Amino acid sequence: MSSHDAVLGVMHAYFDSIYTGNADGLRAVFLPDARVTDNVQGQLRVRSAEEYILAVASRKSPHALGERQAMNAISIDVLDGVASVTARLEMLGQRYFNVLSLLKQNGRWVIVHKLFGNIES
């Protein structure tokens, strides 16, 4: 499997876990020490991956709300053992962009940083 395909596989697991609110699925794709930074509606937050995962798990998931899954990678760039993914997610009445940094660690790709914000119409 190519590195591009492996990163895309991580993205599919990431999207599915966000869509369903699956905390264990998110833990599987994030490095435990990963950071999550966001600027939603002008409010800057910096959290650990675990804080972010607990927030996702504690809210009603898009799936539970009957929303369709509308999440996709816009671009994937892979250079050796480093990757960057830009993604768009529509859920919970918002449109978000994500910029994710991944590293290949012990033969598998993991998210080391997530930066996201909402897209104003």
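**Note on the predicted model**

1. Glutamine 41 is exposed, its relative accessible area being 55%, where exposed stands for over 50%, buried for under 20% and partly exposed for what lies in between, with a 1.4 Å probe and protein chains only. The residue sits in the loop between strand 1 (30-40) and strand 2 (43-48). Apart from neighbours within four places in sequence, glutamine 41 touches Gln94, Asn118 and Glu120, a contact being heavy atoms within 4.5 Å. Its C-alpha atom is 17 Å from that of alanine 55, a residue 14 places away along the chain.

2. The model is predicted, so local features need pLDDT of at least 70 and side-chain atom pairs count only at pLDDT 80 or more, while totals for chains, interfaces and linings use all residues. Residues are numbered from 1 along each chain as its sequence is written, and side-chain values use heavy atoms, with hydrogens and water left out.

3. The protein holds three helices and six strands, which are DSSP runs numbered from the N terminus (helices H or I, at least four residues; strands E, at least two). Their order along the sequence is α-α-β-β-α-β-β-β-β. The radius of gyration is 14 Å, close to the 14 Å that the globule rule gives for 121 residues, so the protein is as compact as a globular protein of that length; this radius is taken over C-alpha atoms, and the rule is 2.2 Å times the number of residues to the power 0.38. The C-alpha trace spans about 35 × 30 × 30 Å along its principal axes.

4. Of the 121 residues, 38% count as buried. When contacts between residues at least 6 apart in sequence are considered, 50% of them join residues at least 24 apart.

5. Which aromatic residues form one cluster? The members are Tyr14, Phe15, Phe30, Tyr52, Tyr96 and Phe116. The whole structure contains five aromatic pairs, where rings of Phe, Tyr and Trp (its six-membered ring) pair if their centres lie within 6.5 Å, and planes under 30 degrees apart count as stacked, over 60 as edge-to-face and the rest as tilted. The ring centres of tyrosine 14 and phenylalanine 15 are 5.6 Å apart and their planes stand at 50 degrees, so this pair is tilted. Tyrosine 14 is buried at 0% relative accessibility, and phenylalanine 15 is buried at 4%.

6. For phenylalanine 30 and tyrosine 52, the ring centres are 6.1 Å apart with planes at 55 degrees, so this pair is tilted. Phenylalanine 30 belongs to strand 1 and tyrosine 52 to helix 3 (residues 49-58), so the pair ties together parts that are 22 residues apart in sequence. Both phenylalanine 30 and tyrosine 52 are buried.
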